[in-house]
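I set out below my notebook entries on this structure. They record what I looked up, entry by entry.

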Amino acid sequence: MRNEAMPVGPRIADRDPLVEDVGGMVHLRTGLPVYAGVHHHEEWYPTHAHSFLEILLVLGGSGLHECFVGRTLLRRGDALIIPPGIAHSYAQCRGLTVLNCGISRSLLHDELAWVSRDPAMGALVNQDREQVGVSTLRLDTRSLNDCAAPLHHIAGLPYSDHASKADAIAQLLIFFAALARAVGAGSREPAPSPPLLVAEAARLLRSDLGREWNLGDLSGALFVTPEHLVRRFRAAMGQPPLAYLSRLRAEAAARLLIASDLPVGVIGAQVGWADASHFSRRFRAEFGIAPRAYRQVHHAGGALQLAPARS
């Protein structure tokens, strides 16, 4: 998914004073733990990740959403739930208009901790799933409008006082409720299943991240040639098997950095990168930030106090 030859284009942080982009990792810039804003994408948008939970609604246009599990065609009515730390990008955008909602981890873990235990809303905000990935929902016109209305309200807040924070949280709960109703009405669109060969290759990699995998070992375990495996895997997942493995290791490391107090070197060894320098380089290549800095940001609640309040 990452294309080093591609020139760096304008990022969301360049157009919106409420977020801060640090090496491809986007953070909330104000003290308000909820963010909403409309963004327009033409042609492409570079690889980035968030230190917060992101839920986005597609209001118009089209484009390809790319992440480590593959590509998804976006069109009006689609909704994506993207956990913290998932690197993703957009390609082939044609007037793609998205309404983004960013929710800090501190808000979900403190004031809204009960939401994760709610049967309907918990699936939308649970960040502790064993298999981190992007959830895709399909909303009809009424559900899209019901979900968009509270986010537009949040986007229009002055972000200047405690009343705004309370108003933002109230609107966020209305948004959660509308999205949960849409999911309950059967609007979840299941992701297409990869071919059996690709699914088995991905399962083998996930089951033993610490193994020193090489292409010969993986293709041999599946009784196919390396060339055939790479061709089929790339077609289904958008990247070759070892790049997918690198992404899995980075995701696993990110979860451990957030959820445990294990030393960074120990975490690297557990996910298959025993050399500390190599671990730091590979993690930075995936997330745009060093492992220690990633941990510090998330332990601070996923929000950077870097900008004055919006008037």
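**Entry 1: strand β6.** I looked up strand β6 (residues 78-82) in this predicted model. Five of its five residues are buried, so β6 is largely enclosed by the rest of the structure. I take buried as under 20% relative accessible area, exposed as over 50% and partly exposed as in between, with a 1.4 Å probe and protein chains only. Helices (H or I, at least four residues) and strands (E, at least two) are DSSP runs, numbered from the N terminus.

I then noted the directions of the side chains. D78, L80 and I82 point one way from β6, whereas A79 and I81 point the other way. In a regular strand the side chains alternate between the two faces of the sheet.

**Entry 2: partners of β6.** I found that β6 runs antiparallel to strand β4 (residues 53-67), with four bridges joining them. Strand β8 (residues 135-138) also pairs with β6 in the antiparallel sense, over four bridges. Two strands count as paired if DSSP finds at least two bridges between them. L80 is the bridge partner of L56, and L80 also stands opposite T136 in β8.

**Entry 3: conventions.** I number residues from 1 along each chain as its sequence is written, and side-chain values use heavy atoms, with hydrogens and water left out. Local features need pLDDT of at least 70 and side-chain atom pairs count only at pLDDT 80 or more, while totals for chains, interfaces and linings use all residues.

**Entry 4: helix α8.** I noted L229, F233 and M237 as the buried residues of α8. Seen down the axis of α8, these residues fall within an arc of 30°, so they line one face of the helix. The arc is that of the directions from the helix axis to the C-beta atoms. On the other side of α8, I found E227, R231 and A235 exposed. The buried residues of α8 pack against β5 (70-75), α6 (196-207), α7 (215-221) and α9 (241-259). After α8 comes G238, whose phi is positive, near 80°.

**Entry 5: Q171.** I located Q171 in helix α5 (residues 162-184). Q171 is buried, at a relative accessible area of 14%. Leaving out residues up to four places away in sequence, Q171 touches P150, H153 and I154, a contact being heavy atoms within 4.5 Å.

**Entry 6: confidence.** I read pLDDT as the predictor's confidence in each residue, from 0 to 100. The protein chain has a mean pLDDT of 79, and 77% of its residues reach 70 or more. Among its elements, helix α4 (residues 141-155) has the highest mean pLDDT (95) and helix α1 (residues 12-15) the lowest (48).
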